[in-house]
Structures are given as C-alpha cells and as structure tokens.
Amino acid sequence: MESYEVLRDLAIILFFAKFCGVLARKCKAPQVVGQIIAGLILGPCVLGLSSQTDFITQLAEVGVIILMFEVGLETDLKELLKTGPIAFLIACAGVFVPLVMGTLLYMGFYGAAPWGSESFYKAVFIGTIMTATSVSITVASLQELGKIKSKVGTTIVSAAIIDDVIGILVLTFVIGFKNPESKPGTVLLQTIAFFAVAIVGGYIVYKVFSTLDKRYPHTRRIPIVSLAFCFALSYIAEKYFGIADITGAYIAGVVLCSLSDNEYIERKSDVISYMFFGPIFFASIGLKTSFAAMNGKLFAFCICFVIVALGAKIIGCGLVGKACKFNFSDSLKIGVGMMTRGEVALIVSQKGLAAGLLTADYFTAVILLILVSSIATPIILKLLYVRDEKKSGVAA
C-alpha cells in the first residue's frame with residue numbers, strides 16, 4: 001500500500017464513524033455503536049472500502065490505551081479501594097464461570113476429551129477466550145451516560161482490570177500445560193512484580209507531578225508529560241512484565257487521578273481521543289469482521305458461542321454482585337457491563353493461533369462475539385439506566 005493511501009482510509013473511517021455515531025445518537029443509541037457499525041459497513045463484510053491494515057491496527061491500539069488512561073484519571077481512588085474486594089470476587093466469577101461453560105460448549109459440539117489430550121486443551125482454550133473482558137466499550141457508554149464515577153461504574157472498571165490480569169494468568173497456564181517450556185509460575189511472579197513496581201514507582205511519579213502541577217497549573221506541558229507517562233507505563237507493562245498494555249495505561253491514570261489538575265489532563269486527553277483515536281478504535285472492530293469461512297456447523301457453534309459467552313458473564317458477575325448486596329438492577333448492570341469483549345479477546349485468540357490451540361475457522365466466532373457484545377452492551381446498559389430513572393421519577 002502506498003503511504004498516501006493511508007490518508008484516504010483515515011478520511012473514510014473518520015467521516016463514516018462520525019456520521020454513523022451521530023445517526024446512532026439520533027436513534028437514542030450510544031455513539032460507539034454507530035462507530036462500530038461504520039467499521040462493519042466499510043469493511044470486507046459489506047462495502048470493502050477499507051481494511052484492517054497494520055497502521056490502522058496500531059492507531060486503534062493507541063486509541064484504547066488513551067481511553068483506558070482517561071478511565072484511570074476519572075477513577076475515584078477512595079471508591080476504588082472501597083469496591084476493591086467486591087471487584088475481585090466479581091472478577092473471579094467472571095473468569096471461572098465462562099471458562100467452565102466455554103469448555104463444556106466445545107465438548108458438547110465436538111465430543112468429550114480425556115484430560116491432557118489435544119482436544120481437551122482446545123476445549124479449555126475456548127473457555128479461556130470467553131474469560132476476556134474488554135471494558136473500553138462499557139467505559140465509553142458509562143461516560144456518555146454520566147455513570148462512570150458511580151459505585152456500579154467503578155466496580156465494573158475495577159473488576160474488568162482484575163479480570164484481565166486473572167485471564168492472562170489463565171491463558172499462560174493453559175499454554176503452559178500444552179508447552180512444557182512455558183513456566184506459568186514465572187508469569188505469576190511477573191504480575192506481582194509489576195504491581196509492586198507500579199505502587200512504588202507510581203508514588204514517586206505522583207510526587208513529581210504534584211510539584212509540577214503546583215508550579216505550572218493549567219499549562220499544556222502537564223497533559224503532554226502525563227500522556228508520555230501513560231505510554232511509558234503501557235510499554236513497561238507489556239514489554240517487561242507480560243501484562244496487557246491497557247492495564248498499564250489504566251494504572252497510569254489512577255496514579256494521576258488525585259492531582260488537582262486531573263480534570264484538566266483528562267479534558268485535554270479526551271480531545272485527541274474523541275476526534276481521532278477513539279473513532280478509529282471502535283471502527284476497527286467492524287473492519288476485522290469477515291464471514292468467508294462460515295459453514296453450517298461452524299455457524300451453529302458461533303451462535304452458541306456468543307450466547308454462552310454473554311450469558312456466562314451476566315450469570316457469574318451478576319450473581320456475585322447480588323451476593324455482595326447490590327440490588328437486582330445494579331447486579332444486572334454489572335453483569336452486562338462485564339460481558340463486552342474486544343482487543344483482549346483478540347489478543348488471547350492470536351496467542352491460541354500461535355500455540356496451535358485454535359484454528360483460523362474459530363476466529364470468526366470470536367469476531368462475532370466482539371461485534372455482538374460491543375453493540376448490545378451499550379444499548380442494554382442505557383435501557384437499564386433509563387428504566388431506573390423512570391422508576392425513580394414515578395416514585396418521586
């Protein structure tokens with residue numbers, strides 16, 4: 001592809017993403033739904049005007065990193081610490097229930113497999129894909145609804161971050177069982193080491209930023225240096241500790257969330273996210289979708305895969321939320337908020353392809369899950385919040 005062809009793709013993606021986003025908003029749906037549909041229309045499934053190039057993929061990755069950084073900046077640290085134990089329990093259920101149900105689903109279609117066999121590892125890996133949670137779309141929806149700082153919103157974000165860490169450990173263990181050269185214990189130590197470094201280093205960075213913030217309040221150098229810190233911690237997390245870069249970005253935001261200028265930093269970061277990186281990220285989900293390898297049995301498996309994956313998160317996370325004394329409506333919101341899959345599911349799937357635990361045919365099921373969960377979650381969340389607001393109005 002010629003370098004200037006990238007400019008054409010960017011123009012098409014940004015225009016259609018904004019157009020469909022506005023159209024979705026007119027239809028009372030979140031804008032992110034429209035942006036995902038724009039990618040689906042532009043991609044190989046419909047018009048084929050654009051494709052998922054390496055450049056677009058990299059821009060989308062930057063987009064989700066900035067989005068998670070903003071989430072960290074908007075985090076109420078006191079509320080996060082308060083909901084931490086509950087979020088941990090919800091995350092554990094959000095990993096365990098989909099892992100078991102996904103494994104049983106594969107065995108239901110392709111037969112029970114003895115422990116340690118190739119088929120058994122493939123079945124467990126299907127469950128592993130279901131454990132992944134992508135909170136970025138839920139976050140964008142909660143931001144649009146003005147609920148990101150609520151107890152439910154904070155619980156969802158916290159649980160999703162913990163869910164990703166546990167999911168990475170599960171992925172490593174599954175690959176480790178198949179490949180004796182891999183050492184799952186090493187990854188566990190790396191994860192602990194990352195959070196230890198993040199806590200100690202984060203405190204030092206916070207002190208430095210506090211000094212800069214007092215000396216240069218409301219100046220653009222603060223958001224610029226903050227964004228550099230976000231990218232640096234994302235790189236360190238992925239490169240040296242094997243942790244997802246979006247986790248590093250979220251931690252970077254949490255480190256800076258208590259600064260007096262945190263809203264100013266978030267506002268400046270949101271400009272580039274809203275105008276450029278965000279639409280590209282959401283549109284890229286639609287661009288990845290292709291149904292070329294579909295057949296009857298695979299189609300049936302894909303439908304069941306999506307239903308089980310969505311239901312497992314709602315059941316696991318929702319029931320634990322109810323057990324932790326959330327009311328039924330809030331428990332349902334937590335379950336729905338945790339059911340989105342995105343870049344994390346794709347990363348897990350690609351690892352499975354490389355390890356021989358997944359064939360390219362099943363990638364269609366993963367894309368379909370990402371697409372359905374990405375579109376359904378914002379709509380269902382909005383309906384749940386609107387219903388509660390109507391009930392509150394009637395009660396008042």
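Predicted model: local features only at pLDDT ≥ 70, side-chain atom pairs only at ≥ 80, totals over all residues.
How many cavities of 30 Å³ or more does the structure hold? One.

Let's start with the whole chain. The protein chain has 15 helices and zero strands. Its radius of gyration is 21 Å, close to the 21 Å that the globule rule gives for 396 residues, so the chain is as compact as a globular protein of that length. Along its principal axes, the C-alpha trace spans about 65 × 55 × 45 Å.

Of the 396 residues in the protein chain, 55% are buried. The chain exposes about 17,600 Å². Carbon and sulfur atoms supply 68% of that area.

Next, contacts. Take the contacts between residues at least 6 apart in sequence. Of these, 81% join residues at least 24 apart.

Back to the cavity. The largest cavity has a volume of about 40 Å³. Which residues line it? They are V71, E74, T75, D76, I148, T154, V157 and Y250. Sorted by type, the lining has four nonpolar, two polar and two charged residues. Two helices each supply at least two residues of this lining: α3, residues 54-74, and α7, residues 151-178.

Now some single residues. First up is T128. T128 sits in helix α5, residues 118-131. Is T128 buried or exposed? T128 counts as buried, because its relative accessibility is 0%. What does T128 touch, leaving out residues up to four places away in sequence? The list is L99, V170, L171, V174 and V348.

Next, two residues to look at for their backbone angles. Here is the background. Most residues other than glycine have a negative phi. Now look at H218. H218 is not a glycine, yet its phi is positive, about 55 degrees. Where is H218 found? In the loop between α8, residues 184-215, and α9, residues 221-241. H218 is exposed, with a relative accessible area of 51%. The cut-off for exposed is over 50%, so H218, at 51%, counts as exposed.

K325 is another case. Its phi is near 75 degrees, a positive value in a residue other than glycine. K325 lies in the loop between α12, residues 296-323, and α13, residues 328-337. K325 is exposed, with a relative accessible area of 79%.

On to A113. You will find A113 in the loop between α4, residues 77-110, and α5. Set aside its neighbours within four places in sequence. A113 is then in contact with M107, S119 and F120. A113 and A160 are 47 residues apart along the chain. Their C-alpha atoms are separated by 31 Å.

V205 gives us another pair. V205 is in helix α8. V205 and A283 are 78 residues apart along the chain, and their C-alpha atoms are separated by 34 Å. What does V205 contact, leaving aside neighbours within four places in sequence? F229 and V255.

D361 lies in the loop between α14, residues 343-355, and α15, residues 363-395. D361 is partly exposed, with a relative accessible area of 40%. Now pair D361 with T57. They are 304 residues apart in sequence. In space they are 21 Å apart, C-alpha to C-alpha.

Let me recap. The chain has 15 helices and zero strands. The structure holds one cavity of 30 Å³ or more, and α3 and α7 each supply at least two residues of the lining of the largest cavity. T128 is buried at 0%, while K325 is exposed at 79%. And H218 has a positive phi although it is not a glycine. Thanks, everyone.

Conventions. Residues numbered from 1 in each chain as written. Heavy atoms only, no water. 1 Å grid on protein atoms, 1.4 Å probe; cavity = no way out; pocket = protein on both sides within 12 Å on 5 of 7 lines; lining within 4 Å. Points joined across faces, edges and corners; volume = space filled by probe spheres on them. Helix = DSSP H or I, 4+ residues; strand = E, 2+ residues; numbered from the N terminus. Nonpolar A, V, L, I, M, F, W, Y, C, P; charged D, E, K, R; others polar. Rg over C-alpha atoms; globule rule 2.2 N^0.38 Å. Buried < 20%, exposed > 50% of the residue type's maximum accessible area, 1.4 Å probe, protein only. Contact = heavy atoms within 4.5 Å. Areas by Shrake-Rupley, 256 points an atom, 1.4 Å probe, with all protein chains shown as cover.
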